[in-house]
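The chain and its model are shown here.

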Amino acid sequence: SVVVRWMRVWCERVDEVCCCVLFFQAEDGIRDYDVTGVQTCALPICSDGDGLLAVDLLTGDRSVFMDMSLLLGDGIYYLAYSTSSGKAYFDDSDTGMIYVFDPVAGTVEILNTQNETAGMVVDEAAGALLAIQGNRLVSIDMTTGTATMISDESTGSGPAFSNLFGLAVNAARTVAWTVDSDLEALFRVDLATGARTIVADPTTGTGETLEDVSGLAVDEARGEAYLTLARRYGISDDPSGILIVDLATGDRALMDQESDASRSPLTFPGYIVRDGSTGLLYLSDLLMQAIVVVDPITGCNGVRSAAQ
C-alpha cells in the first residue's frame, strides 16, 4: 500500500496527445502518474523499488521513473517536468536546493542553490523554470541555473509579498498566481513587468477566508482559481474542500461536494492541479490516501489511485 503525503501535477499536450503527470510523495517514495486518456506517454522506467514512479491514471499501474537512492536529502515538496527534455526538476527538503533528474543518464544534478522553494512551473518556450523562492518570483535558466528576478519588494509594482507558497500560470506563461499565507491573499503577477495585484484577501471579495490553503490551480478561461483547504481536525470545525475564487471579483465559495452520491467529501486535500485539455482537477487527499479527480463544473469526483 502507498500512503499519499502530497501531490503535484503537470499537464501538457505532446504530439496532439494530452499528457498528465502527477507527482506526489508517499511514505515509501516519490511517485509519478502519467495518463493521456488515449495512450500512455512513455516515461522512462529507471528501476524497480521505491522512487519516482510512472503510473497510468486509468489503471493505477505503477512503474519506477526515478529511484529514491538518487535523492540527497529526505524528501521532495515541489516538482516540475519538461516535455521538451523529459527531465524532472525538484527541490530537496533537506538541502533546500533545486535539482534536475535526467532519466536518460540516470543522474541527479544541482541546478540552483537558492533555498525556500515553494512552487515550480516549467516555461518551455523560455527554457526556464518559474519558481517561488522565499518572497520572490524568479525565472531560473534550466541549463545554467541562473535566476532572474520577476517580482519581489523591489521589482514590479503593487502590494509586497509576505509568505508565499504555490504557483499556477496560464498557458501563455504571461500571468502567474500565488498564495500568501500571512496576508491570506491570492496574488496575480504579470510575468513581463512583475506587477502584483491582490485578487482576493480579507478585504477583497466576499466569502471564505484563505486559511489552511494547501494547493492552488487556475482556469483562466473560466475566470476561476481552485484552492484546496486542508482543515485541521480537532482544531477547526470548518470543512475541508475546494475553494473556488472568482478571479474578477475575489468572491469565494466552497465547491459543493456533499449534495449527492456522486460527490465524496474530501477529508484532507493537499496539492491540486488542473488538466488544461479536459478542465478536470486532480488532487491528493492525505487522509483518504488517494489521488482524486474532480469535475469543477459539477463537483463530481472519484478516486483515481488509492493506497488500499
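How many salt bridges does a search of the whole structure find? The search finds two. Please keep in mind that this is a predicted model.

| Salt bridge | N to O distance |
|---|---|
| Asp219 and Arg274 | 3.0 Å |
| Arg222 and Glu224 | 3.4 Å |

Let's begin with the salt bridge between the side chains of Asp219 and Arg274. Asp219 belongs to strand S18 (residues 213–219) and Arg274 to strand S22 (residues 269–274), so this pair ties together parts that are 55 residues apart in sequence. Asp219 is buried, at 4% relative accessibility, whereas Arg274 is partly exposed, with a relative accessible area of 21%.

Next comes the salt bridge that joins the side chains of Arg222 and Glu224. Here Arg222 is partly exposed at 41% relative accessibility. Glu224 has a relative accessible area of 17% and is buried; the cut-off for buried is under 20%.

Now for the serine. Where does Ser82 lie? You will find Ser82 in the loop between strand S6 (76–81) and strand S7 (88–92). Is Ser82 buried or exposed? Ser82 counts as buried, with a relative accessibility of 1%. Its side chain makes a polar contact with the side chain of Ser85, at 3.1 Å. If neighbours within four places in sequence are left aside, Ser82 is in contact with Lys87, Tyr89, Val122, Glu124 and Met142.

Note on methods:
Residues numbered from 1 in each chain as written. Predicted model: local features only at pLDDT ≥ 70, side-chain atom pairs only at ≥ 80, totals over all residues. Heavy atoms only, no water. Salt bridge = Lys/Arg side-chain N within 4 Å of Asp/Glu carboxyl O. Helix = DSSP H or I, 4+ residues; strand = E, 2+ residues; numbered from the N terminus. Buried < 20%, exposed > 50% of the residue type's maximum accessible area, 1.4 Å probe, protein only. Polar contact = N/O pair within 3.5 Å; in protein donor to acceptor, adjacent residues only side chain to side chain. Contact = heavy atoms within 4.5 Å.
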